[in-house]
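Here's a walk through one model, chain by chain and contact by contact. Have the sequence and the 3D view open as you read.

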Amino acid sequence: MTPAPGVWTITRRSLAKDLRLEWRSKDAINSMLFFALLVVVIFSFGFDPTAEESRRIAGGLLWVAILFATVVALNQTWTRELRNQVLDAYRLSPAPPQALFLAKSLGNFLFVAILEVLMVPLFVVFYNLRSVGPVWQLLVVAVLATWALVVNGTFFAALSIRTRSREIMLPLILFPISIPALLAMVDATTSILTGESSPVFWIRLLTVYDLVFTTVCLILFEPVLNAE
Amino acid sequence: MKPLFNILIVCTALLVGYGFCQAMFIAPTEATMGDVQRIFYYHLPSAWVAFLLFFVNFLASCWYLIRRGKGADALALAAAEVGVVYCSIVLITGPIWARPIWGIWWTWDARLTSTLVLWLIYVSYLVLRHYAIGGQVPVLAAALGIFGFVDVPIVYMAIRWFRTQHPQPVIAGGEGSGLDHRMWVAVLWNLLAFSMLALVYVIVRYRQALEVQEIEEAHAHAALDLEEAQ
Amino acid sequence: MNATSQPTLAVSVRDVVRHFGRFAALRGITADFAPGKLYVLLGENGAGKSTLLRIIAGLLAPTRGSVRVLGASNIREVATRFGYMGHAPLLYDEMSAMENLEYFAALYGICSRERCAEAIRTVGLDPALERRVGQYSQGMRQRISLARAIVHSPELLFLDEPFSNVDLRSARQMTTLLAGMRDRGRTIFVVTHQAALMEPVADECVVLDAGRLVAREKGIPARLLTPYPAQERAPVPADAEARR
């Protein structure tokens with residue numbers, strides 16, 4: 001009898017499987033990349049600032065734009081598993097549910113990171129942005145902020161599987177809880193871009209947010225997965 | 001139980017009445033803001049009661065996930081609903097107060113903003129309860145209830161820091177901004193009155209939620225028995 | 001009952017009731033199932049067969065009552081020892097058979113490609129086939145679904161409508177396969193409408209009606225073999241009558 005498989009093994013294999021599936025179908029990534037581009041362009045039409053103003057509001061605009069693109073990405077997190085009731089196969093196996101959750105979250109993280117790699121340069125170009133503060137700090141904020149959105153988003157996507165109006169339910173329950181993280185990511189970005197204040201408190205807040213909610217998600221995923 | 005509950009209702013009515021007297025007549029008029037400031041005696045206690053109710057929701061949600069008792073789920077629902085109502089009171093009394101004093105409806109003050117986020121979180125909780133399908137709604141709702149409450153301290157920290165970075169006019173009181181002793185007395189009486197009122201509402205709503213569950217079970221049992229009789 | 005003095009029951013169901021809202025899908029099922037046999041669950045649509053199987057497999061919680069599988073009250077403890085094949089294929093359409101099997105085998109801690117290939121060969125398909133499962137015929141897809149359910153060599157197997165929309169040849173092959181597994185000591189539960197197909201190999205049949213267990217017999221008796229009642233012949237069209 002083989003022993004129950006470890007969390008990291010399953011996470012790795014599930015992530016590899018998801019990446020392979022996504023590479024083959026290119027379902028989500030193509031449409032999301034285009035959606036991300038559209039969002040950036042429309043925001044640019046909506047807000048037409050001078051160079052000085054742009055540094056103040058670019059943080060907010062960028063993260064709101066990323067938030068919308070992220071929701072589109074998150075909504076398809078579990079669609080493949082639902083298609084042929086594959087989730088049942090997972091629930092039946094001895095594999096730990098936390099591994100599935102981690103794999104999905106990491107997959108979503110990579111997705112959104114790809115979107116950000118597209119959107120950020122576009123923002124820089126359209127708004128003629130130049131950062132006063134160090135760029136490595138922006139990277140730290142980006143990593144923490146993206147994980148904050150993705151970890152809760154993956155969990156709430158699993159919650160909304162068992163609801164009517166699935167696509168609207170996800171942003172509806174995700175946005176309120178993400179408000180402190182959103183505040184942190186916007187203000188940290190703005191303070192780095194303008195160089196006017198220190199982002200350290202916000203970085204600490206994002207770290208606490210990430211740690212707390214990753215733990216809560218891991219603990220609560222099993223009952224939610226098995227809620228039928 | 002019934003007579004005890006009736007006594008509770010009478011006591012609560014008396015307390016609310018006394019609290020009203022305290023707020024409207026006994027407490028002194030505020031120096032700069034005048035009588036408009038009296039809305040504070042409803043604004044602040046409502047905020048604290050709402051917070052308390054959301055804490056009850058958190059405990060009930062945790063208890064439900066551990067023990068899966070129907071009572072825990074009914075309590076979570078009742079606490080969330082009444083909490084949202086009290087939250088709404090805070091959000092309505094805030095602008096009513098702010099408008100005559102500062103000429104603006106909304107000041108993004110720390111407490112008001114935090115309460116708004118709290119309101120959004122628990123309204124989304126109620127929406128999830130409404131839209132979820134199947135017998136496992138309580139599990140999903142309990143999960144969201146826990147998420148929501150865990151977020152609360154982070155919300156308060158974030159908004160507090162944000163406000164110190166970007167100061168705005170503060171709706172006075174509660175942060176140790178030098179309240180007169182008699183005003184504190186009025187606040188505390190109203191806090192007690194509102195807590196009792198919240199308790200009455202929660203008990204009523206809790207019983208109603210349990211009865212709804214019992215009716216569903218009775219229907220299901222009737223379906224079973226019908227087959228037996230045939 | 002002393003666990004060491006007699007073999008553990010494969011499955012033990014006690015007073016299982018399941019409601020969906022106000023609808024009672026199962027109205028108090030109590031049954032014991034000894035290991036090493038092939039059980040066929042029969043009944044009309046809506047009788048509760050699939051619901052019962054899902055409850056036994058741990059996918060659905062009973063409203064009341066309890067289930068013990070392989071001696072454990074929590075089926076997660078024996079997850080490596082049973083397999084389940086559902087209505088839906090439980091497979092990824094965009095991957096090939098081997099890729100699917102390798103992934104699902106990994107969930108059971110099995111890393112051997114040879115075992116996956118063996119499972120695919122056992123159900124009569126070619127492991128080297130690169131075609132994606134989504135492009136398979138229904139018969140092939142059901143067979144791969146069965147391969148997924150047996151890749152970890154479970155001693156207990158639950159199959160929910162394994163022959164739905166499957167061609168006769170595939171269905172007969174699967175039946176022979178199941179009988180072979182039973183002969184080697186596996187316990188198998190099959191929910192199906194096609195009693196005639198299972199008749200040669202069934203050890204016991206369990207009949208459910210409107211959520212109750214109404215009959216339990218050796219083999220499958222003749223009266224249960226006809227899937228449709230005799231009076232339901234296709235109605236003769238009115239103009240055909242006139243033409244005669």
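Is A:Pro171 buried or exposed? A:Pro171 is buried, because 21 other C-beta atoms sit within 10 Å. (Buried means 20 or more other C-beta atoms within 10 Å of a residue's own, exposed means 12 or fewer, and partly exposed is in between, with C-beta atoms placed from the backbone.) A:Pro171 belongs to helix 8 (residues 166–194) of chain A. Its C-alpha atom is separated by 31 Å from that of A:Arg130, 41 residues apart along the chain.

Some ground rules before going on. This is a predicted model, where local features need pLDDT of at least 70 and side-chain atom pairs count only at pLDDT 80 or more, while totals for chains, interfaces and linings use all residues. Residues are numbered from 1 along each chain as its sequence is written, and chains are lettered from A and ligands numbered from 1 in the order in which they are written. Helices (H or I, at least four residues) and strands (E, at least two) are DSSP runs, numbered from the N terminus.

**Two helix pairs**

Two packed helices are described by the angle between their axes and the distance between the axes. Axes here are lines fitted to C-alpha atoms, for helices over the stretch in contact, and angles run from 0 to 180 degrees between N-to-C directions.

| Helix pair | Angle | Axis distance |
|---|---|---|
| Helix 7 (residues 135–160) and helix 9 (residues 200–225) of chain A | about 20° | 9 Å |
| Helix 2 (residues 97–107) and helix 4 (residues 138–150) of chain C | roughly 25° | within 9 Å |

In chain A, helix 7 and helix 9 are therefore roughly parallel (angles under 35 degrees). Helix 7 of chain A passes helix 9 of chain A in a left-handed crossing, which is one where the near helix is turned anticlockwise from the far one by less than a right angle; clockwise makes it right-handed. Residues making this contact include A:Leu144, A:Trp147, A:Val151 and A:Phe155 of helix 7 of chain A, and A:Leu206, A:Asp210, A:Phe213 and A:Phe221 of helix 9 of chain A. (Contact means C-beta atoms, placed from the backbone, within 7 Å.) By class, the contact has 18 nonpolar, three polar and one charged residues. Ala, Val, Leu, Ile, Met, Phe, Trp, Tyr, Cys and Pro count as nonpolar, Asp, Glu, Lys and Arg as charged, and the others, Gly among them, as polar.

Over in chain C, helix 2 and helix 4 are therefore roughly parallel too, but their crossing is right-handed. C:Ala97, C:Asn100, C:Leu101 and C:Phe104 in helix 2 meet C:Ile144, C:Ala147 and C:Arg148 in helix 4. That contact divides into five nonpolar residues, one polar and one charged.

**Chain C as a whole**

Chain C has seven helices and nine strands. Of its 244 residues, 44% are buried. Among its contacts between residues at least 6 apart in sequence, 69% join residues at least 24 apart.

**What chain B touches**

With chain C, six residues of chain B are in contact with six residues of chain C. Here the chain B side divides into three nonpolar, one polar and two charged.

Key: Parallel < 35°, antiparallel > 145°, perpendicular 65-115°, else oblique. Contact = placed C-beta atoms within 7 Å.
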